[in-house]
Amino acid sequence: MELVKQRAPAPQQAPDVGGATALLAEFDAAERSEDFSRVLQKLIRSRHNFVPELLQRLGQGDLAIAKKSALALGYLRSPQAVPALQKAAVHPKRLLFPQATTALSHIGTPDAVKALVELLRTGSPNVQAAAAKALGRNSLPAVSPLVDALKRSDDLVKVHAAHSLGQIASPLAVTALVNTLVHPSKVLRLEAAWALGQIRSPLAAYPLAALLTDRDVGIQSQAAQSLKQIGAPALPALTEMLSNAASNTRAVAVRTLGQMGLIEAVPLLIKVLAEDDLPFVRCDAATALGDIGSYEAVFALSQQLAGGDRGVQGSAERALRRIDSVEARQALATYQRTLAVPGYAVAVRPNLEDNEDVTLLQW
C-alpha cells in the first residue's frame, strides 16, 4: 500500500510584539526631546509606512501628539502629508503652525513650497511669519514671495522674510533689502543688514556704509560686519566717508577698514594717520593699521613714534606691538633706546663749609 505523504501545516507566525504598534505607542508616550529624537530615528529606519497613522494623529486627539506627528511627517518627507499639514497650519484652535510649516520646509517638494507660499499670503500674521521663516530652507522659488512680503506684510513677517532671504542669498533680493534699511523698526533694519552681508552684493555697499553712523550700536556693528563680508568692492563707499566733514564719520570708516583687514586699505589709512586734523581719528587709523599689518603700515607707524601728539604716539606703539614683525620689533627697539637716554640739568649751590661753588648733575 503506497503511503501518501501529507504536507505539514505551515507554522503560525507569532505576533510582532516590537513592531509598528509598539513603536507608535512609544512615539505617543515620548515627552522629553531626547525620547522623541530616539523614537523618531526608529520611525525613519523602519520599513513600515507610518504616514497614515501620523496623519490620523495630526488631525485629531491630543495636541502634544499632533505636534510630534507634524514634525515626524516632515522628517519622513512624505509628499502625501502636504495637504494635511497646510490645513493644520491654519487651524484656528490647535495652533500647529510652527510645527506644520517646519514640516513643509523639510519636505521641500514643489507642492510643499507652494503650500508655504499660500500660507505666507493668508491666515494670521503668526502663520505668515512661520511660513516666511520656513521658506528660508528653500531656494529661488521662495525669493519672489518673500520679497513681496517685505513690501506688504506685518513687521513680524517682514523680519522673518528678511532673514530667510539672507539664508537663500539670492541677488534678486538686494533692492528690496536695501529699501528695508530705512524702515523705522530697528529689528528689521538689523535683519536686512545681516541678509545683505550674506548675499555680498557690491550694490549694498553704500547703503550699508550709511548705517555705520546709525544711532544704534548694534546696527553699526552689523553694518560693519556685512561690509567685511562684501570685502574689497565696499572700499569706494568707505573711501568716500574718509573725506566727510564729520570727524565721527571719518573715525567710523577708519575702524571699519581695520576690521575688514584688507591690504588695499593700507594706503588710505596711512593718509589718514599722517594728515587728518583730529588726533582721535589718527589714533583710530593707527589701531586699524595694527589690525591689518603690513610693511608699509610698520613704516608709517614708526614715523609717528618720533613725536607729535602723545595719544597718536601711544596708539602707534601699541599697533606695532600687535603686528610683532621683525621690522616692527626693530622700530620699537629704536624707540626704546631713544627713551633710555636720560635728561639732565645743571645746578650750582654753595658749599656750606668752604663757600666754594660746586657744580651738581641732577638726574
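A salt bridge here is a side-chain nitrogen of Lys or Arg within 4 Å of a carboxyl oxygen of Asp or Glu. With that criterion, a search of the whole structure turns up 14 salt bridges. The structure is a predicted model, in which local features need pLDDT of at least 70 and side-chain atom pairs count only at pLDDT 80 or more, while totals for chains, interfaces and linings use all residues. Residues are numbered from 1 along each chain as its sequence is written, and side-chain values use heavy atoms, with hydrogens and water left out.

Side chains of opposite charge can pair when their charged atoms come close.

| Pair | Closest N to O |
|---|---|
| Arg57 and Asp28 | 2.9 Å |

Let us start with Arg57 and Asp28, which form a salt bridge. This pair links distant parts of the chain, with Arg57 in helix 3 (residues 51-59) and Asp28 in helix 1 (residues 20-29), 29 residues apart. Helices are DSSP runs of H or I with at least four residues, numbered from the N terminus. For accessibility, buried means under 20% relative accessible area, exposed over 50% and partly exposed in between, using a 1.4 Å probe and protein chains only. Arg57 is buried at 19%, whereas Asp28 is partly exposed at 25%.

Asp276 sits in the loop between helix 17 (266-275) and helix 18 (279-292), and Arg250 in helix 16 (residues 247-260), so the pair ties together parts 26 residues apart in sequence. Asp276 is buried at 12% relative accessibility, and Arg250 is buried at 10%.

Arg321 and Glu317 both belong to helix 20 (residues 310-323), four residues apart, about one turn of the helix. Arg321 is partly exposed at 46%, while Glu317 is buried at 17%.

Elsewhere, Arg32, Glu34, Asp35 and Arg38 are linked in a network of salt bridges.

**A helix pair**

Helix 7 (residues 110-121) and helix 9 (residues 143-152) pack at an angle of about 10 degrees, their axes 10 Å apart. Axes are lines fitted to C-alpha atoms, for helices over the stretch in contact, and angles run from 0 to 180 degrees between N-to-C directions. Helix 7 and helix 9 are therefore roughly parallel, a term for angles under 35 degrees. In the contact (heavy atoms within 4.5 Å), Val117, Leu120 and Arg121 of helix 7 meet Pro145, Leu146 and Ala149 of helix 9.

Note on methods:
Helix = DSSP H or I, 4+ residues; strand = E, 2+ residues; numbered from the N terminus. Parallel < 35°, antiparallel > 145°, perpendicular 65-115°, else oblique.
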